[in-house]
Amino acid sequence: MKRKSNLRLLFSIMITVSLVTNQFIPSSLGGDALLNIVFDTNLQGSSRPDFGLFVAQYVRDIGIELEVRWDDWHHHYPYYPYPHDITDLGAVKLAFKNREPDFNFLQQIPFWMYRPTSYTFPHQEEFEEMIKIGPTIESEQERIEYYQNLQEFFMDKVLLYWPLIIQKSFESLHNNTFGYDSQWGWIESSPYMAFYGLHEGQVSTDEFIFADANWRELNPLFTDDTNSAFIWDLIAEPLLKIDPNGNPTRNGLISNWIQINSSHYQFFMRPNVYWNPSYNNSGRTASSEPLQNATLMSGLKGEYSSGTNQIVTAKDAVFTLLTWANPTVSEQAFNFEWMIDVYVDPGNPFSFHIHVDGNPDTNETEYYSLLFDKLELSCLPEFYLNSTADTITNTTTGIECKGLYPDIDVSTAWIYFSTSGFGCGKFMLDYYIRNSVTVLQRSPYWFGVGAKDGAIGLQPFMETVKVRVIPDTSAELAEFKAGKLDITDVSSFPHEREQLEIDPLFDVYSTGLYFMHVLVFNVMGDSWDHLNNIWVDVPGYGNCTVSLAVRKAICHAIDRTEMGQVLFDEYSLTDCMLPSQLTDWYYEDIQTKYEYDLIKAFKWMKAAGFDIIVPTPGPISTPTSTPTPNETDPTFITIDYPVIIGVIGLLFTLIYYSFKSRRKR
C-alpha cells in the first residue's frame with residue numbers, strides 16, 4: 001500500500017508541475033524538441049557531414065532537434081530539384097584570396113545552395129542597397145570603412161550565413177618537382193615546371209597525377225562544384241589574367257587596355273590564338289584511337305574547330321560577357337548588373353568596349369571597383385555555343401543578345417559541351433571514366449604565353465594529366481605518400497603536414513588561399529519562412545524577427561573552438577563575413593559577435609517566443625553580439641512565476657500526503 005501511495009504521489013507531482021508550467025527542458029536532459037530542422041550536406045570527401053553532426057549536438061541543448069541528411073544534392077540546375085523546401089541548414093566551403101571581396105556574391109550564397117522559388121528576407125532591400133553602393137566608392141580607404149559598416153549590419157540584422165572555421169590551404173609535392181609557384185597555382189605554374197628524375201612510386205615523367213571527386217558539368221555557366229571547375233580550368237583560358245596580389249596582367253587573352261573615361265574601357269585581345277579542337281569525348285576510353293582522330297563536334301551554327309581554323313577574337317569575349325549576364329542561360333546574371341554595354345570595336349575584330357555603371361539604380365554613372373576581377377572569366381566559343389536564330393534576349397541591364405534563346409541549354413550542342421567541353425587553354429579532354437579517372441592531353445594549339453612574366457613560346461612540361469577519382473581525403477593522402485599521386489592538399493592534416501615538412505622527399509607549400517567553412521541558413525525554407533514576418537516583442541530585442549532570433553540562438557549555441565580542435569587541429573575563427581587573413585577588408589572591431597554562450601542562446605530562444613527555462617550557472621556577462629537585454633524584465637527572470645506556482649503546488653501536495661499518512665498511522 002505504501003508503494004502504491006508513493007507512485008500516486010509521484011504522479012500527482014508530475015501532473016501538478018505540468019499543469020502550472022509549460023517550460024522547456026533541453027532535450028539533452030530528456031526534454032522534447034521545440035523546433036525540428038534539417039541539415040543537408042553532401043559527401044564529396046569534405047568535412048561538411050561532420051559539421052552537421054556537431055551542429056546537431058550543440059543545438060539540441062537549446063531545444064532544437066536537427067536531422068542531418070547525407071544527400072548528394074549538388075546537381076546541375078534545372079535538371080535536378082534543389083531542396084529549398086526540405087532543408088533548413090547546410091555548410092559550404094568558400095575560397096578567398098587576399099583581394100577585395102565581392103559582397104554581392106556572398107549575399108547570394110543561400111540562393112545558390114537552396115534555389116528557393118522566391119528570395120526575400122527581412123532587411124533585404126536595405127542590405128542590397130548597401131552592397132550596390134560599396135564598389136562605387138573610388139577611395140579604397142573609404143570603401144574599406146564602408147564595408148566595415150556593411151559587415152556589422154549583415155551580422156546583426158541579416159545573418160544569412162555564419163562563419164564556422166577558417167583553414168589555410170597547404171599543398172605537398174614530391175621533391176623531384178621543380179618550378180612550382182603555389183601563389184599562382186598549378187595550372188599557371190605548369191609551363192615553368194619540370195620533373196628531375198622519378199620519385200618513389202612514379203612510373204613516368206610525361207604525366208602528372210592529381211586526385212579529386214567526380215566532376216559533373218564542364219559548362220562553366222552551370223558548374224557549381226570545385227571538381228568540375230578544376231577540369232574546366234585545365235581546358236580553358238580566362239579573358240584576363242590576375243596575379244596573386246589581385247593586379248591585372250597583360251599576359252592572357254586580353255593583352256592590353258585603355259581607360260577612355262571613368263566608365264568606358266577598351267580592351268585588346270591577343271592575336272593568333274586558336275580554339276582547341278571540338279573533340280567529342282563521348283564513349284572514349286584508354287583503348288580508344290589517338291585523340292587527334294576523334295570526331296569533331298559541330299555547334300549550333302554548324303561550325304567546328306580543328307585547332308587551326310577558329311581564331312579567338314573580341315566576338316568571343318563579348319559573347320562570353322553577354323552570356324554570363326543573360327538570365328536566360330546564366331544563374332550569375334546578378335553579378336553583371338554593372339555592365340551597361342559591351343560590343344566589338346567597329347574597326348578592330350580583336351578589340352571590344354565595356355561601359356560600366358557601378359549602380360544602375362541611380363541617375364549618375366558610377367565608378368565600379370571590381371571591373372577587372374569580373375573579367376577573370378573563362379572565354380566561351382561563340383562559333384559553337386551561339387545560334388543563328390533571330391531571337392533577342394537581354395541581359396539584366398537590357399543589353400540585347402542575338403542568338404541566345406530560352407531552352408538553348410538543352411540543345412544537342414550545349415548538352416555535348418557539358419561533357420566534352422573544349423577551350424583555348426593548355427590541355428584538351430581525352431576521356432573520362434566515372435568513379436575512376438579523367439585524362440587530359442597537352443594542347444599543341446595553346447598560345448604559349450606565361451602568366452607570371454609574359455614569357456613566350458612556353459608549354460606545359462608534361463604531356464598527360466590524370467585526375468583520379470578519390471573522394472576520401474585520407475585515402476588521397478595515403479596514395480600521395482605511396483608515390484601514386486604527384487600532388488595533394490594537406491590543409492586538413494596538420495600533423496601529417498608537419499611530418500612532410502621535415503621529410504626531405506617532400507615539399508610543402510602555402511597556397512595563398514583561405515577556406516572558410518560557413519553555416520548557411522535557408523531563410524526561405526519551410527522552417528524559417530513563416531518566421532520571417534513575425535517580429536520579436538521583447539524589450540531589448542527589438543527590430544528582430546523570430547527567424548533571426550532563432551538563427552542568433554543557434555550561432556551562440558555552437559562551440560566553434562571545440563569543433564575546430566576536433567576536426568582540424570590547426571584553424572582560425574572570424575567574427576565577420578570574411579576570413580581574418582584578408583587584413584585590409586576584415587573588420588577586427590566588429591561589435592556583433594556570436595561567441596559560444598548557452599545563456600545568450602537560451603535568451604534568444606526565449607525572445608523568439610519558445611517556452612524555455614533560462615539557466616543561470618553563474619554571473620551573466622553583458623551580451624556583445626546583440627543589444628543588451630533588460631535583466632529586470634520578468635520575461636528573463638531565471639525562475640519565473642509559473643515555476644514558483646508549480647513549486648507552491650508541489651509543497652501543498654507534499655503537505656497533503658504527509659498529513660494523510662499521519663492520520664492513517
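The following legends describe close-up views of a predicted model. Residues are numbered from 1 along each chain as its sequence is written, and side-chain values use heavy atoms, without hydrogens and water.

**View 1. The largest nonpolar core comprises 84 residues.** A nonpolar core is a set of buried Ala, Val, Leu, Ile, Met, Phe, Trp, Tyr and Cys residues joined through side-chain atoms within 4.5 Å; buried denotes under 20% relative accessible area, exposed over 50%, and partly exposed the range in between (1.4 Å probe, protein chains only). F521, V550, I554 and M577 touch the most other members. Contacts of M577 (heavy atoms within 4.5 Å) include F96, F127, Y161 and M516. Another core, of 78 residues, lies apart from it and has W257, L322, V356 and F422 among its members.

**View 2. Helix α12 spans residues 412-419.** Helices (H or I, at least four residues) and strands (E, at least two) are DSSP runs, numbered from the N terminus. A413, W414, F417 and S418 of α12 are buried. These residues lie on the same side of α12 because they cover an arc of only 145 degrees around the axis, the arc being that of the directions from the helix axis to the C-beta atoms. The buried residues of α12 pack against α8 (226-235), α9 (314-324) and α11 (382-385).

**View 3. Four strands form an open sheet in the order β7-β16-β15-β14.** Pairing, which requires at least two DSSP bridges between two strands, is mixed in this sheet. β7 (207-212) and β14 (427-433) are the edge strands, each with a single partner, so one side of each has no neighbour in the sheet. β7 runs parallel to β16 (residues 464-469), with six bridges joining them; A211 has R468 as its bridge partner in β16.

**View 4. A salt bridge connects K132 and D361.** In a salt bridge, a side-chain nitrogen of Lys or Arg lies within 4 Å of a carboxyl oxygen of Asp or Glu. The N to O distance in this pair is 2.4 Å. K132 belongs to helix α5 (residues 124-133) and D361 to the loop between β11 (351-356) and α10 (371-374), 229 residues apart. K132 is partly exposed at 28% relative accessibility, whereas D361 is exposed at 51%.

View 5. R497 is buried, with a relative accessible area of 6%, while E501 is partly exposed at 45%.

How values were computed. This is a predicted model: local features need pLDDT of at least 70, side-chain atom pairs count only at pLDDT 80 or more; totals for chains, interfaces and linings use all residues. Lists of a residue's contacts leave out its neighbours within four places in sequence.
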